[in-house]
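Take a look at the sequence and the structure, and then we can walk through a few topics together.

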Amino acid sequence: MEEMVASAAYGLYLALIVAGGLAAVRCHNLVRALIGLIMTLFGVAGMYFLMAAPFLALMQILIYVGAVSVLIFFAIMLTRAPGGEAGHESLRPRMGLRELLSVASGLLPAVILAGIVAGYAPPALPLKSEVPLARLGQFLTGPYVLAFELISVVLVVAMAGAVLLGFERRKGQ
Amino acid sequence: MIAQLTAWLMHPLGHMIAALAAIMAFVGVNGLVLVYMERKVAGFIQRRPGPYEVGPQGLLQPVADAGKLISKQLATPEGADRLMFWAAPILSMAPVVICFLPIPFSPLLTGMDVNLGLLLILAFSGLNSLALCLAGWGSNNKYSLLGAARAVAQAVAYEIPLLLSVLAVAFQTGSLNLSVIAQEQTRGLLSWNVFTHPLAFFIFFVASVAETNRSPFDLPEAESELTAGFHTEYSGMGFGLFFLAEYSYMVIVCAVATALFLGGWDGPVLPGIWWFLAKVFGLIFVMMWFRWTFPRVRFDQLLNICWKWLIPLGLLNLVVTALMIKLVR
């Protein structure tokens, strides 16, 4: 019973991810494409839930769905082309080759990765129980402290860069 | 029969279904109660009786309002993105049910005892700003779009002090489970977190007023400038769902504030549930009181309050809390 529900949930999330990804690439309307992206992010959050990592799943929803995609939305609203209709990207008629190349470039890494995983995958582990939040924190500040600090340095640099860009533009006006 | 029923309720699935049904009923009734309360509070603050004609003391007024809303035609504006336009009110309302699940109304009366309950509420309540964006964008109306742009800037900015103030309490308790946090505060009045974290409570309450788009932070729907902001184009239950969602989010933030800071169900004599509800509706009353006391802030003031005051104060509060915990232990 439990296995069946899990498989059904897996299928649902997979469908959500694929459908969302397709919508993100195919929709002419930028906002609809963004909705596709959000669907994909939701699907990934669901996958985290299935892997007994609810903390990651909720963080995915909180950060990516609640904040990042909302910021992308804001960017779309601010960058409407003068004269053109907002949120529409012109799609040139020369479609065939572009479609083919994009499918190829998308499938290539997927095929390679899938091949490696199929060939050398370790047997599936029994589902672990949820890792308590405190242990997660200990891991981040213990064995992985260097990676943790490096990520925060990257974020600080990005933030400083954003402030710098903002100031320069203000001077120009 | 009753034994069977309790056995079914003890099963996690049965418990969850019962909880969801109870939550939906509560959300509906709560909408009616808060509409009446809002109009009466507004009336008395402005020295007029408020709704008076329908039913004794106007008690049936919200029922009449609801009947009117339900029976109205649903119109889609010309040139609107039909899919997004109608997805928005649903997306605004749907997460409400999930947000109610981890709230501990009393030690027994908790929808679902989740270890990450606080995070669950914060994550899913963030979807509301997305819904406002969709509503503003899909309406094909400049007022709606302006309202949506304001909603985004406001929601993203005020989420940070909200998280910072919540984190301070989570640090102290060492848990994100709302039931555990509330349980920790049942050792007398002085163990309530509002006395140990007064600054965090202040920041949380101000940020949550802003997150629920209540006055004085109601810029996304500012009637005097934007007609009705993001829900200008919505008629009937499209508007009704936004309205219901707003009132439900008010209850959610006040319930979280009660569980985090005001001792949850703690109180003498009466059973816990009544104390919890009394504190929640007390906080909601304060929110309504705000609405008729403070004028609406300007947009630059709104962002300045957040970035220059609330966030630095929240960070300071967090650092001091961490330091105190380190020193005490």
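Let's begin at a nonpolar patch, to which H1(B) gives the largest share, four residues. This is a predicted model, in which local features need pLDDT of at least 70 and side-chain atom pairs count only at pLDDT 80 or more, while totals for chains, interfaces and linings use all residues. Residues are numbered from 1 along each chain as its sequence is written, chains are lettered from A and ligands numbered from 1 in the order in which they are written, and side-chain values use heavy atoms, leaving out hydrogens and water. Helices (H or I, at least four residues) and strands (E, at least two) are DSSP runs, numbered from the N terminus.

**The nonpolar patch of chain B**
- The surface patch consists of B:Met1, B:Ile2, B:Leu5, B:Trp8, B:Leu9, B:Leu13 and B:Ile17, with about 790 Å² of accessible area together.
- Patches take residues with over 30% relative accessible area and no salt bridge, joining like charges within 9 Å and nonpolar side chains (Val, Leu, Ile, Met, Phe, Trp, Tyr) within 5 Å; a salt bridge is a side-chain nitrogen of Lys or Arg within 4 Å of a carboxyl oxygen of Asp or Glu.
- Accessible areas come from the Shrake-Rupley method with a 1.4 Å probe, and for residues only the protein chains shown count as cover.
- H1 (2-10) and H2 (12-45) of chain B each supply at least two residues of the patch.
- B:Met1 lies in the segment before H1 of chain B and is exposed, at 75% relative accessible area; exposed means over 50%, buried under 20%, and partly exposed in between (1.4 Å probe, protein chains only).

**Helix H3 of chain B**
- Buried residues of H3 (residues 61-71) are B:Gln61, B:Pro62 and B:Leu69.
- They lie on the same side of H3(B) because they cover an arc of only 95° around the axis, taken from the directions from the helix axis to the C-beta atoms.
- The face turned away from the buried side of H3(B) carries the exposed B:Ile70 and B:Ser71.
- H2 and H12 (236-261) of chain B are among what covers the buried residues of H3(B).

**Cysteines**
- Zero disulfides are counted over all chains, a disulfide being a pair of cysteine sulfur atoms within 2.5 Å.
- The closest cysteine sulfur to that of B:Cys133 is in B:Cys306, 17 Å away and so too far for a bond.
- B:Cys133 is buried at 0% relative accessible area, and B:Cys306 is also buried, at 0%.

**Chain A**
- Chain A has six helices and zero strands.
- Of its 173 residues, 17% count as buried.

Key. Contact means heavy atoms within 4.5 Å.
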